[in-house]
Amino acid sequence: MGRPRTRKLYHDERQFDMFNADGQPAQALFPVRTPKRDIECMDFSAKLKRAMSDALKECSYSREEVAARMGTILGLPKFSKGMLDKYTSESSEGHQISLLRFKAFVKATGCNWLWQMVVEDDGLTLMEGEEARLAQVGLVKQQIREQQQLLKDLERSPVELRKRRRR
């Protein structure tokens, strides 16, 4: 009997891994979310401000540069770092960012993941670019399986034909 043959496994960067490096199941790329029943606006506001603050730390631009970029996007030459600081400070409860300014913030920082954070409480999952095609592929495969099952069900029962007279 010799030693069992082992195969070397090569990782293809184009393929998602089912397991993390520690052997635990990987987190779903597109997790299924359930909408939360109630939303506390002040909790959401604090969560949004923290996420925006994290985005500022993550992006390669300084706060001044992000403010300047937002000003350019919005067509507001006087959009300041101070205004940006108010939008990202949890202690500034009176300063809530508008959707238009939030969109400019996402563009200015390049942190598209902020959109996911905004919609996840509603049970939504954000897909970016070509990822939507993956969802379409899954839908088509599901429809094919359903049609194949319908065909099997139809073929399972015999069809009785009546004899027809010839003329």
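**Exercise 1. Is Cys-111 buried or exposed?**

Work from the predicted model.

*Solution.* 
- Step 1. Take the relative accessibility of Cys-111, which is 2%.
- Step 2. Apply the cut-off: buried means under 20%.
- Step 3. Cys-111 therefore counts as buried.
- Step 4. Repeat for Cys-59. Its relative accessibility is 10%, so Cys-59 counts as buried.

**Exercise 2. How many disulfides does the model contain?**

*Solution.* 
- Step 1. Find the cysteine sulfur closest to that of Cys-59. It belongs to Cys-111, at 5.7 Å.
- Step 2. Compare with the cut-off: the sulfur atoms must be within 2.5 Å. The separation between Cys-59 and Cys-111 is too far for a bond.
- Step 3. Check from the other side. Cys-111 is in no disulfide, and its nearest cysteine sulfur is that of Cys-59.
- Step 4. The count is zero disulfides.

**Exercise 3. Which residues of the largest nonpolar core touch the most other members?**

*Solution.* 
- Step 1. Take the core, which has 22 residues.
- Step 2. Pick out the members that touch the most others: Val-66, Met-70, Leu-84, Phe-105 and Leu-114.
- Step 3. Assign the core to elements. Two or more residues come from each of α1 (41-58), α2 (63-74), α3, α4 (99-109) and α5 (113-119).
- Step 4. Follow Val-66. Leaving aside neighbours within four places in sequence, Val-66 contacts Leu-56, Cys-59, Tyr-61, Leu-84, Phe-105, Ala-108 and Thr-109.

**Exercise 4. Where do the buried residues of α3 lie around its axis?**

*Solution.* 
- Step 1. Locate α3 at residues 81-88.
- Step 2. List its buried residues: Leu-84, Tyr-87 and Thr-88.
- Step 3. Look down the axis of α3. These buried residues fall within an arc of 90°, so they line one face of the helix.

**Exercise 5. What is the orientation of α2 and α3 to each other?**

*Solution.* 
- Step 1. Read both values. The axes of α2 and α3 come within 8 Å and cross at roughly 100°.
- Step 2. Classify: 65 to 115 degrees counts as roughly perpendicular. That is therefore the relation of α2 to α3.
- Step 3. Name the contacts. Arg-63, Glu-64, Val-66, Ala-67 and Met-70 of α2 meet Lys-81, Leu-84, Asp-85 and Thr-88 of α3.

Notes:
Residues are numbered from 1 along each chain as its sequence is written. This is a predicted model: local features need pLDDT of at least 70, side-chain atom pairs count only at pLDDT 80 or more; totals for chains, interfaces and linings use all residues. Side-chain values use heavy atoms; hydrogens and water are left out. Buried means under 20% relative accessible area, exposed over 50%, partly exposed in between (1.4 Å probe, protein chains only). Helices (H or I, at least four residues) and strands (E, at least two) are DSSP runs, numbered from the N terminus. The arc is that of the directions from the helix axis to the C-beta atoms. A nonpolar core is a set of buried Ala, Val, Leu, Ile, Met, Phe, Trp, Tyr and Cys residues joined through side-chain atoms within 4.5 Å. Contact means heavy atoms within 4.5 Å. Axes are lines fitted to C-alpha atoms, for helices over the stretch in contact, and angles run from 0 to 180 degrees between N-to-C directions. Angles under 35 degrees count as roughly parallel, over 145 as roughly antiparallel, 65 to 115 as roughly perpendicular and the rest as oblique.
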